[in-house]
Amino acid sequence: MASWCENMALPPRVLIGPRASGANGQGSILSLRHPKLEEETQYLFIDGGLHEFNWFKERYGSWFLGDYVCEDGSVYYCTLVDPIFVFLPLFEAARMSSGKDLGKFRQLDEILYIEGYPGYQHLMSIAGNHMELVCEVKEVANMKFFRLDETKVLTWLCCKVHSIKEAITKLGKNYAAQGERELLTEAVQIIRENLKDEPWLTVLCKKLQ
């Protein structure tokens with residue numbers, strides 16, 4: 001009997017991810033720029049949530065997939081990522097600020113048009129609501145214009161750090177016993193994975209002392 005995977009171009013892999021809520025719904029795999037590294041990175045967009053792909057592999061292991069044995073025992077899994085991290089570099093560049101000039105207000109379709117990365121267009125439905133947290137917004141003739149606001153970005157980053165810090169203390173006694181400074185440092189290190197050192201990480205560390 002023929003195996004279910006014999007016509008696949010590549011060997012099957014195991015992915016743990018969310019399932020679309022609708023009966024006929026499905027997610028989209030989008031190629032976007034990594035917010036820190038600026039290299040092309042794939043994300044899963046499903047039910048209005050943006051997920052990043054992670055990879056884990058133990059030294060020994062394999063998967064039994066029906067009648068097929070996958071010798072590569074690695075697993076890919078999806079975790080939610082706050083879209084603001086992904087949008088932040090785009091909105092920062094779009095405002096074109098210089099010195100004391102705060103920059104320009106731009107529409108979403110302008111900001112999210114990145115040559116070679118059509119995946120950003122799929123995020124139009126969520127970009128506005130998220131970026132209102134870190135942007136000044138002007139509405140003219142039922143059209144919204146956005147400009148990144150540094151004060152709002154810093155406030156949002158501080159909230160993120162403190163939320164992560166609180167979550168870390170619940171991971172176990174070893175974490176709960178750490179001091180305030182150590183917990184803040186760990187939280188900042190987690191955020192740093194999706195945040196450029198300049199300018200945001202620098203101003204964040206200065207704010208948190």
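Predicted model: local features only at pLDDT ≥ 70, side-chain atom pairs only at ≥ 80, totals over all residues.
The largest pocket has a volume of about 270 Å³. Its lining comprises 13 residues, of which Glu52, Leu80, Phe85, Ile190 and Asn194 are the closest to the pocket centre. Two or more lining residues come from each of strand 4 (49-56), helix 4 (150-168) and helix 6 (180-192). Sorted by class, the lining of the largest pocket contains six nonpolar, three polar and four charged residues.

The second largest pocket has a volume of about 220 Å³. Helix 6 and helix 7 (197-208) each provide at least two residues of its lining, and helix 6 makes the largest contribution, with six residues. The lining consists of Arg181, Leu184, Thr185, Val188, Gln189, Arg192, Leu201, Cys205, Leu208 and Gln209. By class, five of the residues lining the second largest pocket are nonpolar, three are polar and two are charged.

Strand 4, which contributes to the lining of the largest pocket, also contains His51. The relative accessible area of His51 is 8%, so this residue is classed as buried, the cut-off being under 20%. The side chain of His51 lies 3.4 Å from the backbone oxygen of Gly49. Apart from neighbours within four places in sequence, His51 is in contact with Pro18, Tyr43, Leu44, Ile46, Cys78, Thr79, Leu80 and Val81. One of these contacts, Leu80, is also among the residues closest to the centre of the largest pocket.

Technical notes
Residues numbered from 1 in each chain as written. Heavy atoms only, no water. 1 Å grid on protein atoms, 1.4 Å probe; cavity = no way out; pocket = protein on both sides within 12 Å on 5 of 7 lines; lining within 4 Å. Points joined across faces, edges and corners; volume = space filled by probe spheres on them. Helix = DSSP H or I, 4+ residues; strand = E, 2+ residues; numbered from the N terminus. Nonpolar A, V, L, I, M, F, W, Y, C, P; charged D, E, K, R; others polar. Buried < 20%, exposed > 50% of the residue type's maximum accessible area, 1.4 Å probe, protein only. Polar contact = N/O pair within 3.5 Å; in protein donor to acceptor, adjacent residues only side chain to side chain. Contact = heavy atoms within 4.5 Å.
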